[in-house]
Each structure stands twice: as structure tokens, then as C-alpha cells.
Amino acid sequence: MAVCVAVIAKENYPLYIRSVPTENELKFHYTVHTSLDVVDEKISAMGKALVDQRELYLGLLYPTEDYKVYGYVTNSKVKFVMVVDSSNTALRDNEIRSMFRKLHNSYTDIMCNPFYNPGDRIHSRAFDNMVNSMMMQVC
């Protein structure tokens with residue numbers, strides 16, 4: 001399903017980036033970082049409009065030829081970016097939302113760990129396993 005999953009801190013530095021085809025890893029890093037501008041635009045547009053502040057899912061940030069980039073932001077302004085192969089037409093918006101909720105719940109578990117310092121890179125086997133399961137699912 002997902003080919004790249006990234007967790008970006010409030011200050012826009014990566015806490016976690018994982019991509020499936022490792023030969024294109026630099027390309028995915030670039031895609032994730034360019035999507036942060038779109039995330040900031042959507043967050044500022046949400047602040048101006050009187051929309052529900054509990055809506056964390058940003059939706060499709062932008063499509064490219066090969067991939068679709070989706071975004072999600074937490075209440076603490078930590079950003080989740082997911083890159084999905086655009087040839088996967090069976091993937092619906094509500095499935096992307098549930099993947100982000102699952103990612104957010106796993107991130108919350110990491111933040112609740114007393115041995116984790118907020119702002120450090122994420123080195124969690126449980127988080128890795130959850131991300132791998134999201135990447136290996138076949139629709």
C-alpha cells in the first residue's frame with residue numbers, strides 16, 4: 001500500500017522516514033520534504049476558515065506521475081506524510097484515514113514511553129513493525 005511513511009517534527013525535521021524500495025530512498029526523502037510546504041499551506045488555510053479543529057487528516061497533498069502524497073497533522077503539529085503508489089486504485093480515502101489513525105496511535109504509544117525524549121529520532125521495534133505491516137498490505 002504505502003511506499004514511504006514519514007514522521008516530521010513540529011520544527012520540520014524528520015523523526016522517522018521509512019521507504020520500501022530502498023534504491024529510491026533519496027527520491028522519497030525529497031518528496032516528503034517538498035510536501036511540507038503543502039502541509040503548511042493547508043494548516044494555515046484551516047486556521048483562517050472556521051472548520052472543525054479536530055480534523056487532523058489533510059487529505060491528498062499532491063499527486064505525481066507515479067505516486068500520491070497524503071498528509072496528517074497532530075494537535076501538537078507533528079506531521080505524518082504517506083506516499084502511496086498511484087497505480088493502487090483500490091485504496092480509498094477512508095482506508096488512508098484509518099492508516100493515519102493507526103500511525104498516530106502507534107506514535108502516541110512511543111510518546112508515552114518514559115524513556116523516549118520528545119524530539120529524538122524514533123527507534124522503536126514496535127513502530128517499525130507497524131509501519132512494515134502498513135507497507136506490506138496488499139489490496
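Predicted model: local features only at pLDDT ≥ 70, side-chain atom pairs only at ≥ 80, totals over all residues.
Helix 2 runs over residues 93–111, and its 19 residues reach 27 Å from the first C-alpha to the last, which is close to the 27 Å expected at 1.5 Å a residue. Its buried residues are Ile96, Met99, Phe100, Leu103, His104, Ser106, Tyr107 and Ile110. Seen down the axis of helix 2, these buried residues fall within an arc of 165°, so they line one face of the helix. An α-helix has 3.6 residues a turn, so residues three or four places apart point the same way. On the other side of helix 2, Asn94, Asn105 and Asp109 are exposed.

The buried residues of helix 2 pack against several elements, namely strand 1 (2–8), strand 2 (14–19), strand 3 (57–63), strand 4 (67–73), strand 5 (79–85) and helix 3 (125–136). With helix 3, the packing angle is about 170° and the axes lie 10 Å apart; because angles over 145 degrees count as roughly antiparallel, helix 2 and helix 3 are therefore roughly antiparallel to each other. Helix 2 contributes Met99, Lys102, Leu103, Ser106, Tyr107 and Ile110 to this contact, while helix 3 contributes Phe127, Met130, Val131, Ser133 and Met134. By class, the contact comprises eight nonpolar, two polar and one charged residues.

Once its neighbours within four places in sequence are left aside, Lys27 is in contact with Asp66 and Tyr67.

Technical notes
Residues numbered from 1 in each chain as written. Heavy atoms only, no water. Helix = DSSP H or I, 4+ residues; strand = E, 2+ residues; numbered from the N terminus. Expected span 1.5 Å × (residues − 1). Buried < 20%, exposed > 50% of the residue type's maximum accessible area, 1.4 Å probe, protein only. Arc of directions from axis to C-beta. Contact = heavy atoms within 4.5 Å. Axes fitted to C-alpha atoms, helices over the stretch in contact; angles between N-to-C directions. Parallel < 35°, antiparallel > 145°, perpendicular 65-115°, else oblique. Nonpolar A, V, L, I, M, F, W, Y, C, P; charged D, E, K, R; others polar.
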